[in-house]
Amino acid sequence: MSAENIDLNRLFLQDFVEIRADTLISPHLEHFYLRCLTEHKEYYLAALLEGPFHRKRVLMFCKTKFSTIRLHRILKTLGFRPLMLHCDMARANRNKNLRKFKEESQSYMVATDVAGRGMDFREVSAVINFDRPNVKEDYTRRVGRTAMAGNTGLAITLLPKSNKVDLGYMVKNKILKEFKLGMSEEEFVQVYQERTDNAIRIGNAVVAELKKEQENEQMKRSVPQEDSASQPTKKMCN
């Protein structure tokens with residue numbers, strides 16, 4: 001097993017066990033992390049999109065459908081015009097957003113891990129893990145959407161300071177490096193707090209309403225009906 005695969009295991013598995021995997025990560029890909037408080041993750045993401053990745057193609061990953069919808073609305077409120085991709089979207093909408101992203105008519109996409117499986121994105125400048133993936137395999141699939149066909153790319157993972165992840169081994173071996181934005185966390189708060197917190201409130205409200213609607217639908221389906229056997233059941237993802 002390569003040193004890089006071992007390092008990724010140490011980062012994404014709580015109990016490190018050496019696992020052999022056939023999936024390889026491009027040698028043209030650079031891996032970075034950003035440490036911040038959980039409540040400041042949106043500030044750092046806004047700084048990345050306004051700074052080093054302004055008008056560049058960036059694919060951002062969240063863990064769930066609801067967290068994807070939330071971040072999409074936050075970025076939309078901030079004026080970034082992101083696209084969105086998750087498993088409960090209608091196929092026509094998914095295909096439309098994929099086409100826009102591939103054709104570069106819009107630069108930013110927020111997605112669940114559905115975008116990390118078999119999607120062919122060319123010339124994506126960076127993959128940003130807004131939510132840290134649970135396992136190494138998910139990390140490998142996500143970051144594999146950049147640095148394709150000999151191109152270079154960046155993978156940046158936002159790591160909340162509350163996460164007790166030992167990065168020493170990876171940093172020492174220069175596999176994972178700290179991404180520097182040139183401001184302290186206190187300065188980020190001063191610059192981004194007011195407008196970003198308003199966008200966060202809007203995103204939280206949208207998700208709360210969607211969850212309420214989903215709960216109501218589930219309650220309706222749980223009520224016995226005479227023709228319930230003939231009613232199709234819609235599978236929902238989180």
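The model is predicted, so local features need pLDDT of at least 70, side-chain atom pairs count only at pLDDT 80 or more, and totals for chains, interfaces and linings use all residues. Residues are numbered from 1 along each chain as its sequence is written, and side-chain values use heavy atoms, with hydrogens and water left out.

**Helix 4 and its cover**

Let's start with helix 4, residues 91-102. Helices (H or I, at least four residues) and strands (E, at least two) are DSSP runs, numbered from the N terminus. Helix 4 holds 12 residues and spans 16 Å from its first C-alpha to its last, close to the 16 Å expected at 1.5 Å a residue; the expected span is 1.5 Å times one less than the number of residues. Asn 97, Leu 98 and Phe 101 are its buried residues, where buried means under 20% relative accessible area, exposed over 50%, and partly exposed in between (1.4 Å probe, protein chains only). Viewed down the axis of helix 4, the buried residues fall within an arc of 100 degrees, so they line one face of the helix; the arc is taken over the directions from the helix axis to the C-beta atoms. Their cover includes strand 2 (58-61), strand 3 (83-85) and strand 4 (108-111), with contact meaning heavy atoms within 4.5 Å. After helix 4 comes Glu 104, with a positive phi near 65 degrees.

**Strand 4 and its neighbours**

In a regular strand the side chains alternate between the two faces of the sheet. In strand 4, Tyr 108 and Val 110 point one way, Met 109 and Ala 111 the other, and all are buried. Strand 4 pairs with strand 2 in the parallel sense over four bridges, and three bridges join strand 3 to strand 4, also parallel; pairing requires that DSSP finds at least two bridges between two strands. Ala 111 is the bridge partner of Phe 61, and Leu 85 stands opposite Ala 111 too.

**Charged pairs**

The whole structure has nine salt bridges, each a side-chain nitrogen of Lys or Arg within 4 Å of a carboxyl oxygen of Asp or Glu. Among them are these:

| Pair | Closest N and O atoms |
|---|---|
| Asp 131 and Lys 41 | 3.2 Å |
| Lys 65 and Asp 88 | 2.9 Å |
| Glu 185 and Lys 161 | 2.8 Å |

Asp 131 counts as buried at 13% relative accessibility, and Lys 41 at 8%. Lys 65 is buried at 7%, whereas Asp 88 is partly exposed at 21%. Glu 185 is buried at 10%, while Lys 161 is partly exposed at 47%.
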